[in-house]
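This report describes selected packing, interface and sheet features of the structure shown below.

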Amino acid sequence: MNDLLAGVAAAVRLIVTLDHDLVEISLRSLQVSLSAVFIAALIGLPFGAWLSVSRFRYRRIAIAVLNALMGLPPVVVGLVVYILLSRSGPFGVFNLLFTPTAMIIAQVIIVTPIIASLAHQAIRELWFFYHDLLISLNTSKWQRMKTLLWDGRRSLLTATLTGFGRAIGEIGAIMIVGGNIDHLTRVLTTAIALEVGKGDFPLAIGLGIILISLAIIINLAVHILSRTERAGRW
Amino acid sequence: MVKSILPVVLKGASVKKGGVQIIGPLDMQLLEAGCTVVIGPNGAGKTTLLRLLHGLERLKSGSVTWNAPRPEINARQSFVFQTPVVMRRSVRENIAYPLILRGSSRKKALTEADRWAENVGLKAHGHQDANALSGGEKQKLALARALITRPEVLFLDEPSTNLDGASTLEIENLIRSARNSGTRIIMATHDFGQARRLGDEIVFIHHGRICEQASTDMFFNTPQTAEARAFVDGDILL
Amino acid sequence: MKLFSGIFAFLMTLSVASGSFAADMRLAVTTSFHNSGLSDVLLPEIKKDLDIDVRLLVVGTGQALKLGRAGDVDALLVHSKAAEEAFVAKGYGSHRLDIMYNDFVLIGPKDDPANIAKAASAKEALKIIATTGAIFVSRGDDSGTHRKEKALWKAAGLDADAFDAAWYRATGSGMGATLNTASAMEGYVFADRASWLNFANKGNLGILFAGDPVLFNQYGYIPVDPAQHPHAKADLALQLENWLVSARGQKLIAAYELNGQRLFTPNAAPR
């Protein structure tokens with residue numbers, strides 16, 4: 001209990017003094033996770049829509065695999081990306097290991113299935129509802145995808161924010177491919193792990209409080225900007 | 001003068017779903033002009049016939065032949081469903097949607113949509129979220145959306161079944177004026193008052209087969225078949 | 001849509017801003033070294049003197065050697081001489097040299113239920129623990145510390161791999177995590193003195209046994225061989241090496257104290 005209270009005190013102290021290291025790792029956390037989610041959404045949302053409106057032979061298997069990929073263990077993803085980006089690996093020449101870019105790559109791999117799967121489920125429901133109308137209006141597959149993505153944007157926002165939540169709290173993959181290097185690849189989650197390892201629980205909890213607050217603020221900001229949850233509005 | 005997509009001819013057409021023969025085999029012809037009302041008891045296959053003509057159902061056997069190739073047909077038909085499918089956008093955006101699909105600029109499409117919204121009496125609701133409308137208003141929206149592309153053939157599946165008297169009257173007036181502007185109406189209903197009011201021709205369906213096809217006067221005054229007679233007399237058909 | 005482009009632009013400026021253009025090299029160090037806090041003292045001085053940003057990857061000895069082998073770092077600073085010499089022999093490292101040493105200590109609950117404080121030697125202390133079956137938390141991660149621990153068990157005639165999990169708890173983690181576990185379980189633990197002194201969650205534990213010469217813990221520096229990995233920054237690694245063995249570097253190492261205790265003894269061969 002003392003640790004928790006000390007943690008709150010630590011969090012307040014860091015924020016009020018605008019601790020330089022804190023600002024740096026917080027910005028980096030946001031940079032990595034927001035970039036990853038942005039790219040993952042760019043890939044995942046259209047893919048989810050395409051999967052909903054397409055009919056092909058192995059569709060059921062594809063959907064099952066996509067849903068299963070939501071459970072990809074981040075640490076395994078990190079290990080595989082490390083092997084690929086290592087200097088002795090196939091993509092070593094790009095010298096991406098231990099950079100924020102490598103962390104973004106790993107998180108894109110983890111988050112894309114989540115966004116795609118949730119998008120697919122949301123759009124599938126909407127497609128069921130719009131089905132007769134869109135066929136009656138002689139729409140092309142591309143027009144259907146665009147319409148469903150736009151009309152379903154509220155659920156897609158939720159899907160994207162879910163992906164963001166996963167990314168910002170992720171540690172297994174980015175620890176391996178980023179290396180938690182001070183002033184280079186250290187972010188909130190890896191810093192927390194570091195402080196725990198040093199036995200400094202209050203500071204770790206303080207950072208944790210800040211991490212959660214950051215996630216809440218982002219979620220709130222997005223909802224306010226897109227004016228969801230307003231009465232009378234879909 | 002653009003060639004009409006009508007007449008449409010069905011030969012031995014049938015539709016099966018889950019092993020059950022819903023309609024068919026049917027032989028039928030629908031000519032240009034006027035309003036054809038497809039009538040029959042519930043479950044007779046009215047909806048399926050309309051959907052088949054519009055291309056929403058797959059033929060099990062037989063043929064459906066229009067007077068033009070398939071891609072042209074799709075562009076010149078519209079369908080109003082029994083339960084209106086209202087998109088998650090504003091009323092005017094709903095109505096404008098088919099025009100935007102066809103490449104119209106957003107501004108032009110919305111202007112035209114506003115005009116049609118006024119035609120159907122939804123002017124005040126133009127910017128409102130379409131899902132906030134009442135059942136009757138939604139059906140009028142669907143009608144406006146169906147007519148905005150100036151279709152040659154308009155299908156309506158029980159358009160006023162769930163509506164009150166006032167809304168029904170409004171809908172019927174709109175259908176009548178569309179017919180008078182030259183739109184070919186093919187509608188399904190089980191309300192024979194409505195059939196009498198709107199129809200030029202009746203197609204009577206029972207158990208998925210066409211029992212009778214005749215002009216409205218002839219059907220109601222001198223029904224030829226036993227089932228038709230029973231139906232017109234108000235008996236329950238088994 | 002505007003929101004999207006705004007976010008994208010923001011992210012791109014961040015990525016540019018975080019790029020650094022000073023010379024930098026990657027050094028894999030062990031958790032034991034990092035947790036001592038010595039790097040926080042040395043790195044700024046290195047930056048000042050050499051204008052090199054030394055990027056520390058804090059990993060276990062096993063992973064450090066793997067990173068060196070793969071060429072993902074430019075040099076190593078670890079503390080497992082046998083493994084280091086094998087590394088060099090296989091051609092992955094150019095050479096190894098002594099930099100400094102500290103010592104390992106045996107830590108346990110202050111009331112010392114197994115009574116190891118009175119032991120005559122380190123291996124005897126361990127034997128007592130095994131005999132009494134007192135809870136002992138091990139690194140279990142094939143790190144330098146862990147290998148030293150296993151060597152001591154072996155010297156005492158015991159096979160650590162055969163120990164019962166009822167009392168021997170192998171955490172498979174770094175020094176800090178292992179100390180946390182020992183603190184929570186109030187068990188005995190084998191650690192390097194520097195990590196212990198800098199550890200913030202000591203709980204009811206304290207140093208119970210130290211001073212046996214066999215607990216000597218040597219740190220070695222190995223540059224990754226550029227013949228194996230041409231891209232490795234051998235010149236920067238050499239600059240760092242020279243700095244570490246220089247009088248200035250060695251003095252800074254000797255001067256580092258925690259609670260009035262010196263943590264490391266520099267012992268690089270003078271050049």
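**Nonpolar core**

In this predicted model, the largest nonpolar core holds 207 residues. The members that touch the most other members are A:A106, A:I115, A:A119, A:V177, B:V38, B:A144 and C:I107. Helix α5 (residues 100–136) of chain A gives the most to this core, contributing 18 residues.

The contacts of C:I107, leaving aside residues up to four places away in sequence, include C:A182, C:Y188, C:V189, C:A191 and C:W196. C:L205, C:G206, C:I207 and C:L208 are also touched by C:I107.

**Contact between chains C and A**

Chain C supplies 26 residues to the contact and chain A supplies 23 residues. On the side of chain C that touches chain A, the elements giving two or more residues are α1 (2–17), β2 (52–59) and α8 (175–185) of chain C. Of these, α1(C) gives the most, with six residues. By class, this side of chain C comprises 13 nonpolar, ten polar and three charged residues.

**Strand β3 of chain C**

Strand β3 (residues 75–78) of chain C is covered on both faces. C:A75 and C:L77 are buried on one side, and C:L76 and C:V78 are buried on the other. In a regular strand, side chains alternate between the two faces of the sheet.

β3(C) pairs with strand β1 (residues 23–30) of chain C in the parallel sense, over three bridges. Here C:L27 stands opposite C:A75. With strand β9 (residues 216–223) of chain C, β3(C) pairs in the antiparallel sense over four bridges. The bridge partner of C:V78 in β9(C) is C:G220.

Definitions and conventions:
Residues are numbered from 1 along each chain as its sequence is written. Chains are lettered from A and ligands numbered from 1 in the order in which they are written. This is a predicted model: local features need pLDDT of at least 70, side-chain atom pairs count only at pLDDT 80 or more; totals for chains, interfaces and linings use all residues. A nonpolar core is a set of buried Ala, Val, Leu, Ile, Met, Phe, Trp, Tyr and Cys residues joined through C-beta atoms within 7 Å. A residue is buried if 20 or more other C-beta atoms lie within 10 Å of its own, exposed if 12 or fewer, and partly exposed in between; C-beta atoms are placed from the backbone. Two residues are in contact if their C-beta atoms, placed from the backbone, lie within 7 Å. Ala, Val, Leu, Ile, Met, Phe, Trp, Tyr, Cys and Pro count as nonpolar, Asp, Glu, Lys and Arg as charged, and the others, Gly among them, as polar. Two strands pair if DSSP finds at least two bridges between them.
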